[in-house]
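Please open the model in your viewer and keep the selection panel at hand. The stops below go from the sheet to the helix and then to a pair of rings.

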Amino acid sequence: LPDDDNCSNVGDPKCANRLEFEDILVEMRDGKSGITTFTRTSTTGESEKVYMAFAPVVSKDFAPRNSSDFSQGVTAYDSMIYSLAVLEPETGFLRPFQESVDVERSVNVALGVLLA
């Protein structure tokens, strides 16, 4: 969120976007999965809603049960490497629906040319 204020005073209303995103980061660091939205300030200074899906990337690791006696085998455990997120601004979701008007116009022009 480069265009949102760094919050030194939590009570400052300018911090709302940053604090909302920080709450999501806590969940990501805890290894949780989720789908959520948050608001950010765009480079033009306007508020922009962003949709986000995130999940942890987990690796299976192994530790010896007894390092002096390998015949006892290993213990497997999951280790979170990082959390991966996919983000899409609301305008990105709406674009295909806005472009459908242009497709409809193109179809009408094509039909007019074929029927002429």
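**The sheet and what crosses it**

Select the three strands first: they form an open sheet in the order β1-β2-β3, with antiparallel pairing (strands are DSSP runs of E of at least two residues, helices runs of H or I of at least four, both numbered from the N terminus; two strands pair if DSSP finds at least two bridges between them). Because β1 and β3 (74–89) are the edge strands, each with a single partner strand, one side of each has no neighbour in the sheet.

This is a predicted model, in which local features need pLDDT of at least 70 and side-chain atom pairs count only at pLDDT 80 or more, while totals for chains, interfaces and linings use all residues. Residues are numbered from 1 along each chain as its sequence is written, and side-chain values use heavy atoms, with hydrogens and water left out.

Next, select β1 (residues 34–41) with β2 (residues 47–64), which are joined by eight bridges; isoleucine 35 has alanine 53 in β2 as its bridge partner. Five residues lie between these strands in the hairpin, and glycine 45 in the turn has a positive phi of about 90 degrees. Moving across, 15 bridges join β2 to β3, where phenylalanine 54 stands opposite alanine 85.

Finally, which aromatic rings pair in a tilted way? Those of phenylalanine 21 and phenylalanine 38 do, with centres 4.9 Å apart and planes at 55 degrees (rings of Phe, Tyr and Trp, the last by its six-membered ring, pair if their centres lie within 6.5 Å; planes under 30 degrees apart count as stacked, over 60 as edge-to-face and the rest as tilted). Phenylalanine 21 belongs to helix α1 and phenylalanine 38 to strand β1, 17 residues apart.
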